[in-house]
Amino acid sequence: MTDPVIEPAEIRVAGWDERHDVAALRRAWTEENAGHPVEDDDFTGRFEEWLEREQDQRVTWLGYVDGVAVAMVNLLVFTRMPRPGESAPTQWGYLANCYVLPEHRNGGLGGRMLDALTAYADEQGFVRVVLSPSPRSVPFYLRGGFEPATSLMVRLPGS
């Protein structure tokens with residue numbers, strides 16, 4: 001078996017000016033899952049309002065191939081309440097919205113996006129990064145160094 005060809009790509013942290021690229025990838029992901037175009041004339045406005053509220057606690061990376069955004073991942077940053085005896089509060093992150101356009105999958109870009117996020121978390125001294133994977137994505141995250149966790153609990157609506 002041959003190794004997949006690593007697709008040349010630029011990975012960078014997205015700023016406000018890249019909001020349209022992030023929104024376009026979110027739409028592509030939603031439509032891929034739906035299996036058809038999703039009509040929503042208000043999506044762009046709602047997305048920009050959401051991003052404006054979230055941008056101070058969220059870091060988003062975009063992957064570009066030939067100048068076109070083809071992948072994204074973001075990290076919601078939680079700052080823990082300070083404790084006596086600690087000089088600074090610690091942080092942890094929630095990995096979300098990891099998506100690569102279908103025609104750019106299996107070329108290493110998703111792994112490189114994950115590496116960028118985890119390197120950032122390590123550099124910032126995060127105590128953990130958690131995520132809620134789809135069944136299809138579990139092998140991807142296992143390859144990226146994540147493991148199943150038993151220390152978290154969840155409450156679902158109606159419980």
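These legends describe close-up views of the pockets in a predicted model. Local features need pLDDT of at least 70, side-chain atom pairs count only at pLDDT 80 or more, and totals for chains, interfaces and linings use all residues. Residues are numbered from 1 along each chain as its sequence is written, and side-chain values use heavy atoms, with hydrogens and water left out.

**View 1. The largest pocket.** Its volume is about 960 Å³. The lining holds 33 residues, and C98, R136, S137, F140 and R143 are the closest to the centre. A pocket is an open set of points on a 1 Å grid over the protein atoms alone, where a 1.4 Å probe fits, with protein on both sides within 12 Å along at least five of seven lines; lining residues have an atom within 4 Å of a point. Points are joined across faces, edges and corners, and the volume is the space filled by probe spheres set on them.

**View 2. Elements around the largest pocket.** α1 (19-34), β4 (91-100), α3 (109-123) and α4 (138-143) each supply at least two lining residues. β4 gives the most, with seven. Helices (H or I, at least four residues) and strands (E, at least two) are DSSP runs, numbered from the N terminus.

**View 3. Residue classes in the largest pocket.** The lining has 16 nonpolar, twelve polar and five charged residues. Ala, Val, Leu, Ile, Met, Phe, Trp, Tyr, Cys and Pro count as nonpolar, Asp, Glu, Lys and Arg as charged, and the others, Gly among them, as polar.

**View 4. The second largest pocket.** Its volume is about 410 Å³. Of its 16 lining residues, V130, L131, E147, P148 and A149 lie nearest the centre. β5 (129-130) and α4 each give two or more residues to this lining. α4 gives the most, with three. By class, the lining has eleven nonpolar, three polar and two charged residues.
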